[in-house]
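Visitor: Hi, could you walk me through this one? I'd like to start with the overall picture and then go into details.

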Amino acid sequence: MSIAERPMPPLNADERTTLESWLDFHRATLAMKCEDLDDEQAAVASVPPSGFTLTGLVQHMAEVERNWFRRVFAGEQAPPIYDPQADPHGPDGGLELAEGATLHDALATWHAEVARARELCADRALADTGRFMEQDVSLRWIYVHMIEEYARHNGHADLLRERIDGATGV
């Protein structure tokens, strides 16, 4: 795995740059955990009875990106990606692998959701709000939540990757 592709967040920057840089750092970390894996490796489950996989985690993070930036912040009517019947605000969206699911496809979908999130936030202030649970939620709060979400799941990704091929760290 190459850490050269993961941007180090600046040590002394304004609030927005700090938040966006840490979110990008964690996004890059997830991508790095998937580097050099084939579909079979990325579909290896953590430990029974869990079916938690790296491909499922990437799918989940695509759903999380879609939910917080498109649905909550921008107010788009974006349906769930992987399970049309799922609660679009549900906590486990995308974790289960559909037959024929590939890491390549999951990463492509996730990258598209990340790109859309960046577009939606580019010209917006941190104090701008979307709606969540019938309350206003600021872009600032969403950024902090997304950093937390990625940090937690990157810990899972690290354990999954170690189980697959022994790679640790990063």
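**Charges, fold and rings**

Guide: Happy to. This is a predicted model. Let's begin with charge: the chain carries 15 positive and 30 negative charges, and their mean positions are 5 Å apart.

Visitor: Thanks. How many helices and strands are in the chain?

Guide: There are five helices and two strands. Read from the N terminus, the order is α-α-α-α-β-β-α.

Visitor: And how does the radius of gyration of the chain sit with that of a compact globule?

Guide: They agree: for 170 residues a compact globule would come out near 15 Å, and the chain has 16 Å. Along the principal axes, the C-alpha atoms fill a box of roughly 45 × 40 × 25 Å.

Visitor: What share of the residues is buried?

Guide: Of the 170 residues, 44% count as buried. The accessible surface is about 9,000 Å², and carbon and sulfur atoms account for 53% of that.

Visitor: What about contacts between residues at least 6 apart in sequence, how many of those join residues at least 24 apart?

Guide: That would be 71% of them.

Visitor: Switching to rings. How many aromatic pairs does the structure hold?

Guide: Four. One of them is Trp-22 with Phe-25: the ring centres are 5.1 Å apart and the planes stand at 70°, so this pair is edge-to-face.

Visitor: Where are Trp-22 and Phe-25 relative to each other in helix α1?

Guide: They are three residues apart in helix α1, which spans residues 15-34, so about one helical turn separates them.

Visitor: Phe-25 first, then: buried or exposed?

Guide: Phe-25 is buried, because its relative accessible area is 14% and the cut-off for buried is under 20%. Trp-22 has 35%, which makes it partly exposed.

Visitor: Okay, next pair. How are the planes of Trp-68 and Trp-141 arranged?

Guide: That pair is tilted, with 45° between the planes and 5.4 Å from centre to centre. Trp-68 lies in helix α3 (residues 54-73) and Trp-141 in helix α5 (residues 139-165), so the pair ties together parts that are 73 residues apart in sequence.

Visitor: How accessible are Trp-68 and Trp-141?

Guide: Trp-68 is buried at 7% relative accessible area, whereas Trp-141 is partly exposed at 43%.

Visitor: Which aromatic cluster does Trp-141 belong to?

Guide: Trp-141 forms one cluster with Trp-68 and Phe-132.

Visitor: Tell me about Phe-132. What is it in contact with, leaving aside neighbours within four places in sequence?

Guide: Phe-132 contacts Trp-68, Val-72 and Val-137. At 25% relative accessibility, Phe-132 is partly exposed.

Visitor: Now Glu-162 in helix α5. How far is Glu-162 from Ser-46?

Guide: Glu-162 and Ser-46 are 9.8 Å apart, C-alpha to C-alpha, although they are 116 residues apart in sequence.

Visitor: Last topic, the backbone. What is the phi of Asp-36?

Guide: Asp-36 has a positive phi of about 65°, although it is not a glycine. Asp-36 is in the loop between α1 and α2, the latter being residues 39-42.

Visitor: Is Asp-36 buried or exposed?

Guide: Exposed: Asp-36 has 68% relative accessibility.

Visitor: And where is Glu-134?

Guide: Glu-134 is in the loop between β1 (129-132) and β2 (135-138). Glu-134 also has a positive phi, about 60°, and is not a glycine.

Visitor: How does the accessibility of Glu-134 come out?

Guide: Glu-134 counts as exposed, at 74% relative accessibility.

Visitor: Great, thanks for the tour!

Key. Residues are numbered from 1 along each chain as its sequence is written. This is a predicted model: local features need pLDDT of at least 70, side-chain atom pairs count only at pLDDT 80 or more; totals for chains, interfaces and linings use all residues. Side-chain values use heavy atoms; hydrogens and water are left out. Helices (H or I, at least four residues) and strands (E, at least two) are DSSP runs, numbered from the N terminus. The radius of gyration is taken over C-alpha atoms; the globule rule is 2.2 Å times the number of residues to the power 0.38. Buried means under 20% relative accessible area, exposed over 50%, partly exposed in between (1.4 Å probe, protein chains only). Contact means heavy atoms within 4.5 Å. Accessible areas come from the Shrake-Rupley method with a 1.4 Å probe; for residues, only the protein chains shown count as cover. Lys and Arg count as positive and Asp and Glu as negative; His and the chain ends are not counted. The place of a charge is taken as NZ of Lys, CZ of Arg, CG of Asp or CD of Glu. Rings of Phe, Tyr and Trp (its six-membered ring) pair if their centres lie within 6.5 Å; planes under 30 degrees apart count as stacked, over 60 as edge-to-face and the rest as tilted.
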